[in-house]
Each structure stands twice: as structure tokens, then as C-alpha cells.
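Please look over the structure below. The report that follows takes up a helix pair and the loop that joins it.

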Amino acid sequence: MFTHKPGSRSLKNPRTLLALTVSGLLLGSAVMAAEGPGLGKPITEAQLQGWDLIVAPDGTGLPEGSGTAAQGQAVYEQKCAACHGMQGEGTAGVPALAGGSLTATPPVMTAGSYWPHASTIFDYVRRAMPPLAPKSLTDTEVYEVTAYVLHLHGIVERDFVLDSTSLPQVQMPNAGNFIDRSQVQ
Ligand code: HEC
């Protein structure tokens, strides 16, 4: 004979009801996870362009456009000099962009002395400067102002045309004094 044991899985038992509800919820969320929560939307190629801004030392990633230091002076004086100084000498709390040397004591880590590739100046300025409005410069303005920063170091002439072909060929003064450890495993 079958007797009904107290505490068996009866739907009248509140604990059984709770257990069934919880396992139902878990099952539901597993199904939802498999389908995705349905939030956001896929990024388009055009939107990705605004983020995919990496410029490599060999020039990969440099956009179209060009600029000279002569053109870049106006951009620099309007958008950079207030913080970095008229000659790139820096101001309180803002690093100098020009001058100094790695052989000085203490060594001066300006872009001209410490950065082995000119492409880094372009890359960094395009994505990060000016700090209050990053990515606000046009590609042409970035070429112009990069040429100007290089000119402040005496690395290029005022009329040197910086573009995707000439920029990777610019020799930085300390380029030979770095150890490339990018391949270290
Ligand atoms: C509001 C002040 C401000 C303005 C305007 C500004 N910068 Fe900067 N810049 C900074 C600060 C602060 C840093 C240091 C950021 C850090 O180390 O994280 C910096 C860093 C840099 C560096 C890296 C220097 C190094 O050796 O590490 C470069 C290159 C640079 N800025 C270029 C520019 C250019 C070009 C412009 C104009 C388009 C500009 N900045 C406008 C404040 C400013």
C-alpha cells in the first residue's frame, strides 16, 4: 500500500514549490545566456574606424593627408602651447615636448629624445591630445602638428612634408639606443 509521507514532493509543500521555481528560473536564464541578453547592437565598419587608430612604426595605419611644420605652428599655438609652452618647454605639471637629451643628467624624456619612432607622436597626438578634446584634430592637423613637434627638436625642416610615406622614414635621434624586446617570449 502507498501512504503519503509527510515532506514528500507535494506541490502543496512550500519548499518543493520554491525549489521548482528556482530551478525554473535557472533553466530560463541558461536559455537566455545561450541567446544573449539582447542588449546593444553590432558595431559597424564605419564606427570601428573611429576606434581603430593604431599607427605602427612601419607606417601601417597612417591615414591620407599631409602637413608641414610651417602649417602646424598655427595649430600648435592655438591648441597645444597653453599647456606645453610656446617652444615646447612645458609648463607646471605638463611635460616638455622638446629639448633635453637622454645623455643629460637626469635624462630628459621628451618625445624627441625618448621616443624611437616618429609614428608614436602621430599616434599619441591623434588619440589623446589635447586632453580635454581627444580625437578632435583632423588627420591633416595631426600631420601638421606632428611636423611642428619634430621641427621643435630640429628633426625636420619647416617645409618638410610629413605624410604616410615620409613619416616612417624620419630618423629619431635616439632610435639606435633602444633594445627591441618585442619578440621576447
Ligand atoms: C590641457 C593641457 C594640454 C593641452 C592643451 C595639450 N596637452 Fe599634450 N599633454 C598634456 C599632459 C598633462 C601630458 C602628459 C600626459 C601623461 O603623461 O599621461 C601631455 C602629453 C603630451 C605628449 C607626450 C609627451 C611625453 O614625452 O610623454 C605629447 C607628444 C603631447 N602631449 C602633444 C600635444 C599636442 C601636439 C597638443 C596640441 C594638439 C597637446 N599636447 C595639447 C597636456 C596638454
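## Helix crossing

Helix 6 and helix 7 cross with a right-handed sense. This is a predicted model. The two helices pack at an angle of about 130 degrees. Their axes are 10 Å apart.

## Contact residues

Helix 6 brings Ala118, Ile121, Phe122, Val125 and Arg126 to the contact. Facing them in helix 7 are Val142, Val145, Thr146, Val149 and Leu150. By class, the contact of helix 6 with helix 7 has 8 nonpolar residues, 1 polar and 1 charged. Arg126 counts as charged and Thr146 as polar.

## The connecting loop

Helix 6 spans 118–128 and helix 7 spans 139–152. Pro130 lies in the loop between them. The peptide bond from Met129 to Pro130 is cis. Its omega is near -10 degrees.

Lys135 lies in the loop between helix 6 and helix 7 too. Its phi is positive, about 65 degrees, although Lys135 is not a glycine. Is Lys135 buried or exposed? Lys135 counts as exposed, because it has 12 C-beta neighbours inside 10 Å, and the exposed class takes 12 or fewer.

## Backbone background

Most peptide bonds are trans, and most residues other than glycine have a negative phi.

Note on methods. Residues numbered from 1 in each chain as written. Predicted model: local features only at pLDDT ≥ 70, side-chain atom pairs only at ≥ 80, totals over all residues. Helix = DSSP H or I, 4+ residues; strand = E, 2+ residues; numbered from the N terminus. Buried ≥ 20, exposed ≤ 12 C-beta atoms within 10 Å, placed from the backbone. Axes fitted to C-alpha atoms, helices over the stretch in contact; angles between N-to-C directions. Left-handed = near helix turned anticlockwise from the far one by under 90°. Contact = placed C-beta atoms within 7 Å.
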